[in-house]
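Student: I would like to go through this model with you, one question at a time. Please give the cut-offs as the terms come up.

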Amino acid sequence: MSTCADCAKMNLNDTNSWGEFWCGERSTYYPGSDSICSYFVARESGGCYITTIVVECLGYDDYCQYLMKLRAFRDQVMKKDAKYADLLKEYDEIGPKIADRIRQDSDKIGVATKLFETYIKPVCELLDDNRYDDAVRLYQKMVTELSDI
């Protein structure tokens with residue numbers, strides 16, 4: 001059975017002194033073990049691993065503009081173009097490992113801020129300008145640099 005902690009609208013990085021999580025929908029803290037409410041949206045599994053942990057660390061929810069833009073690009077452009085198949089497969093293997101390293105970093109807020117300003121935000125701006133190949137190259141550069149650490 002799903003609980004509040006399974007909801008995309010819960011910020012699992014924002015807890016109060018009682019261990020409750022911030023609910024972006026209801027603008028208050030709730031125990032992760034609470035039964036789901038009518039606002040429940042299941043967390044998406046897979047896909048934007050690095051971006052997901054970056055925006056979570058910075059306090060954005062799972063449906064922020066950056067994640068939505070990158071997910072739409074992945075689903076509507078990359079998954080439909082064979083030239084990206086190997087890249088997506090590789091990312092599905094390495095992305096979760098990189099995200100876990102960021103999640104466990106003692107300076108994860110600092111790391112997330114740097115990645116957001118240097119890569120995530122500029123990639124989204126490139127997508128806004130329909131510069132898809134440039135966006136893919138910049139995101140790839142981030143993944144490569146993080147893989148080498």
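Student: How far apart are the closest N and O atoms in the salt bridge that Arg 74 forms with Asp 75?
Tutor: This is a predicted model, in which local features need pLDDT of at least 70 and side-chain atom pairs count only at pLDDT 80 or more, while totals for chains, interfaces and linings use all residues. Residues are numbered from 1 along each chain as its sequence is written, and side-chain values use heavy atoms, with hydrogens and water left out. A salt bridge is taken as a side-chain nitrogen of Lys or Arg within 4 Å of a carboxyl oxygen of Asp or Glu. For Arg 74 and Asp 75 the closest N and O atoms are separated by 2.8 Å.

Student: Is Arg 74 buried or exposed?
Tutor: The classes rest on relative accessible area, computed with a 1.4 Å probe and protein chains only: buried means under 20%, exposed over 50%, and partly exposed in between. Arg 74 has a relative accessible area of 10%, so the class for Arg 74 is buried.

Student: Which parts does the salt bridge between Asp 128 and Lys 69 tie together, and how many residues apart are they in sequence?
Tutor: The side chains of Asp 128 and Lys 69 meet in a salt bridge at 2.5 Å, N to O. Helices here are DSSP runs (H or I, at least four residues) and strands likewise (E, at least two), numbered from the N terminus. Because Asp 128 lies in helix 4 (residues 108-128) and Lys 69 in helix 2 (residues 65-76), the pair ties together parts whose separation in sequence is 59 residues.

Student: Why are Lys 121 and Glu 117 separated by about one helical turn?
Tutor: The two side chains meet in a salt bridge of 4.0 Å, N to O. Lys 121 is partly exposed at 29% relative accessibility, and Glu 117 is partly exposed at 46%. Elsewhere, salt bridges that share partners join Arg 74, Asp 75 and Lys 79 into one network. As for the turn, the reason is that Lys 121 and Glu 117 both belong to helix 4 and are four residues apart.

Student: Where is Asn 130 found, given its positive phi?
Tutor: Asn 130 has a positive phi of about 60° although it is not a glycine. Asn 130 is also exposed, with a relative accessible area of 53%. Its place is the loop between helix 4 and helix 5 (132-147).

Student: And what is the phi of Ser 27?
Tutor: Ser 27 is found in the loop between strand 2 (21-23) and strand 3 (28-30). Ser 27 is not a glycine, yet its phi is positive, at about 50°.

Student: What radius of gyration does the protein have?
Tutor: The protein has five helices and three strands, which run β-β-β-α-α-α-α-α from the N terminus on. The radius of gyration is taken over C-alpha atoms, and the globule rule is 2.2 Å times the number of residues to the power 0.38. For 149 residues that rule gives 15 Å, and the protein is as compact as a globular protein of that length because its own value is close to this, at 16 Å.
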